[in-house]
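Okay, thanks for coming, everyone.

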Amino acid sequence: MTNLFKTMEINVGPQHPSTHGVLRLILELDGEIIKSCKPVVGYLHRGIEKMAENRSYLQYLPIVDRIDYLGGFFNSYAYCDCIEHLAEIDVPDKAKYIRVLCMELNRIASHLLWLGTFMLDLGASSPLFYCFRDRERILHIFEALTGQRMMYNYFTFGGVRFDIPSDIIDKISVFIEDMPECINDYENIITDNPIFVSRCKSKGILTKKNALQYSITGPNLRASGVNLDFRKSNPYLVYDRLNFDVSSDISGDAFSRYKVRIFELHSSLKIVEQCISFIKNSSDEFLNKSVKPVMLNIDNAEYTSSVESPRGLMSCTVMAGGKNPYRVKWRTGSYYAVQVLPELLINAELADLMAIFGSLDVILPEVDK
Amino acid sequence: MNYLLSIFIDFFANFGIPKEVVYIIFPIIPFCIVAAALILVVLVLVLVERKILALFTQRKGPNRVGFCGILQTVADAVKLLCKENIEPNVTDRILFSLAPIIAFVPVMVCWGIIPFSSEFDFISISVSSLLFAVIAVIPVIGVILAGYSSNNKYSLIGSVRSAVQVISYELPIMFVILSVSILASSLNIKDIILSQTSMYQVCGWYIFPCFLGFVILFVSSLAELNRCPFDLPEAESELVAGYNTEYSGMRFALFFLGEYAMLFVSSAFITALFFGGFLSPFGFYISEKIFNNNVLAQIGIYFEQAFWFFIKSFLIVFLIMWVRAVLPRLKSSDLLKFSWRILLPLSILNFIYICLFKYIVMIGGLK
């Protein structure tokens, strides 16, 4: 008789098609209702923080791209910003604009990948291809600009490695002209779809209180009614000179997280447009050539730099210790999103797992580091 | 069928083979035709699906094996046949091997029930539409057995979902079949098709009086076929591959084959009920006009009828694939709500409406 009321323990991951990497969730199921959830992380731990300690500042730079592989520019910017502050390096205006341009394009690429895989988790296969089609155009631009599709190693201390050629600027302006129509296409196929809405509306509600307690940041926090965007609240680079909107929503469910991200696509396009018009007319240097990155020697000092990455606040703390960092600490948004997962999943259905987990936009290499 | 049989008897009588032997041998021939046609259709269908999905997502689809990739499915099939049959350690071995067979064989029977032309109905009984509906459920037993016997939690959840799905979608299907058979005053699929003949050609099809019924049957068939948006039992993002997670090689191929064959058979069934089955949409057959010879004309008509049947069925298949390209997956609780709160009441309403319609038509002496 007791067997009848026993719950079933099911192990989702670490090798599972929709845990986006190697997250392992130990779920306790009662029928299809999730009674408890225990995330197990660490399958992708590469010791990225430890690696810094026996490398010079420049040698560590290519590694940081691998922390969040979908937002490589954000990682390298956070790290470069730290070193620039510690070594008191000036960055030319044009380089700042190029950095913003790259980061916003990267944000679009990252959100597109999120949108595609999120829809795939919900069982719709077509949006994935549409999103990848457009993401591919961004990756082509990045490849032409930096030589790499994902691990760019483009930002460096004092600016960026190469100047941005005019044909790439043309490519980008064509892209931002086409993109709004593509986003409309996604919205037509997704936002108005009753099945999508019924699977996301009021699923995985992240209350404002919970979001703040678990220090959720980024689109997930903004979907819960806290209008906090580091680009607005502590404008770094040239964000204070740019005109853009930040969206927020109050319901905090999977659907509002989707809406916030779709809005961010639009606002990122707007930022890219402004950057392009500045870069076109600028005669600045793209790199502070007085910097000798190989010889960099910084006395004991500490600095934390924060970036609004696609997955929330990403901050890098560097404690300098002479020729190499004494300690580097990364704070990444996904780590906190995984922590709140058990809270959101209780009494949800197994089918909701994918809608909830997918909507949080967790990237596992960023969690495990 | 009798006409064909008599041709065969005459044909074999030329070689001195007695009538009784032909009676015994005769069923083997249609069976071979049915089996061969089914395998062929599945091979085409898998490729067509991949090509159509590719079209919807602006890709090329398979384009390496053979001309424009037409041999892709053959290559896949050969690969599956050559693969090792991996079996998990702790399974119910008998059921584990039996499940794919149970999932596949009934599809063959269903395929035999469908008349492709006015003579090719291999299993001809008076209640063939009901027989179809009953046999079409049996593959689900295979699915449930597969999930139960693989000793895998994902498979088990998938198969339970499948059972839930079938229970909730059988009733609407039955109501639709009943309402169509009331329109045709027959439960035999061939009679249903023939009663859709009309002097206004296409206007005689039952899609016109019974459009609601078509929608209900279409949606329910999607659920019965485990097709998107009702592909819960094998939701790959939640349950890895659902009930067939543990299957590989030939056993997996059987599930796969059964699924695609059932996709086509169900489309054929919908065609028969609502789109005039093998009837030509223009009301005449070309063979009638070009062949003077009576037998040749007759055989030409059979082939033309089969042609129309396949064309119409493929259009339905296209519709199903279109749905797959666009929609995300429903949740099982939403599916139950949809079935019991919307589909079932609608199908009962449709049934009542069709009864009234038939009554008025009979009183008015229309048609």
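So, to start: which residue in the turn of the S2(A) and S3(A) hairpin has a positive phi? It's Gly31(A), with a phi of about 70°, and the hairpin has 2 residues between its strands.

Quick housekeeping before I go on. This is a predicted model, where local features need pLDDT of at least 70, side-chain atom pairs count only at pLDDT 80 or more, and totals for chains, interfaces and linings use all residues. Residues are numbered from 1 along each chain as its sequence is written, while chains are lettered from A and ligands numbered from 1 in the order in which they are written. When I say helix or strand, I mean DSSP runs numbered from the N terminus: H or I with at least four residues for helices, E with at least two for strands.

S2(A) and strand S3 (residues 33–40) run antiparallel, joined by 7 bridges, and two strands count as paired if DSSP finds at least two bridges between them. Ile26(A) sits opposite Lys38(A) of S3(A). S2(A), residues 24–30, also pairs with strand S1 (residues 8–12) of chain A, antiparallel again, over 5 bridges. There, Ile10(A) has Leu27(A) of S2(A) as its bridge partner.

Put together, that's an open sheet of 3 strands in the order S1-S2-S3, chain A, with antiparallel pairing. S1 and S3 of chain A are the edge strands, each pairing on one side only. From one strand to the next, the twist averages 20°; angles here run from 0 to 180 degrees between N-to-C directions, and axes are lines fitted to C-alpha atoms, for helices over the stretch in contact.

Chain A has another open sheet to look at, 3 strands in the order S6-S7-S8, with antiparallel pairing. Strand S6 (298–309) and strand S8 (324–331) of chain A each have a single partner strand, so one side of each has no neighbour in the sheet. The twist in this sheet averages 10° from one strand to the next. Strand S7 (residues 312–322) of chain A pairs with S8(A) over 7 bridges, in the antiparallel sense, and Cys316(A) is found opposite Trp330(A) of S8(A). Helix H3 (residues 72–86) of chain A packs on this sheet and touches S6 and S7 of chain A, its direction making about 145° with that of S6(A).

Now over to chain B. Helix H12 (residues 249–274) of chain B and H14(B) have axes that come within 8 Å and cross at roughly 115°. That makes H12(B) roughly perpendicular to H14(B), a label used for 65 to 115 degrees (under 35 is roughly parallel, over 145 roughly antiparallel, the rest oblique). Residues making the contact include Leu263(B) and Phe264(B) from H12(B), and Phe309(B) and Ile316(B) from H14(B); contact means C-beta atoms, placed from the backbone, within 7 Å.

And how do the chains meet? 24 residues of chain B are in contact with 27 residues of chain A. On the chain B side, the elements giving two or more residues are helix H8 (153–184), helix H11 (236–239), helix H14 (294–326) and helix H15 (332–364).

Last stop, Phe15(B), in the loop between helix H1 (2–13) and helix H2 (19–25) of chain B. Buried or exposed? Phe15(B) counts as exposed because it has 6 C-beta neighbours inside 10 Å; the cut-offs within 10 Å are 12 or fewer other C-beta atoms for exposed, 20 or more for buried, and partly exposed in between, with C-beta atoms placed from the backbone.

Definitions and conventions
Contact = placed C-beta atoms within 7 Å.
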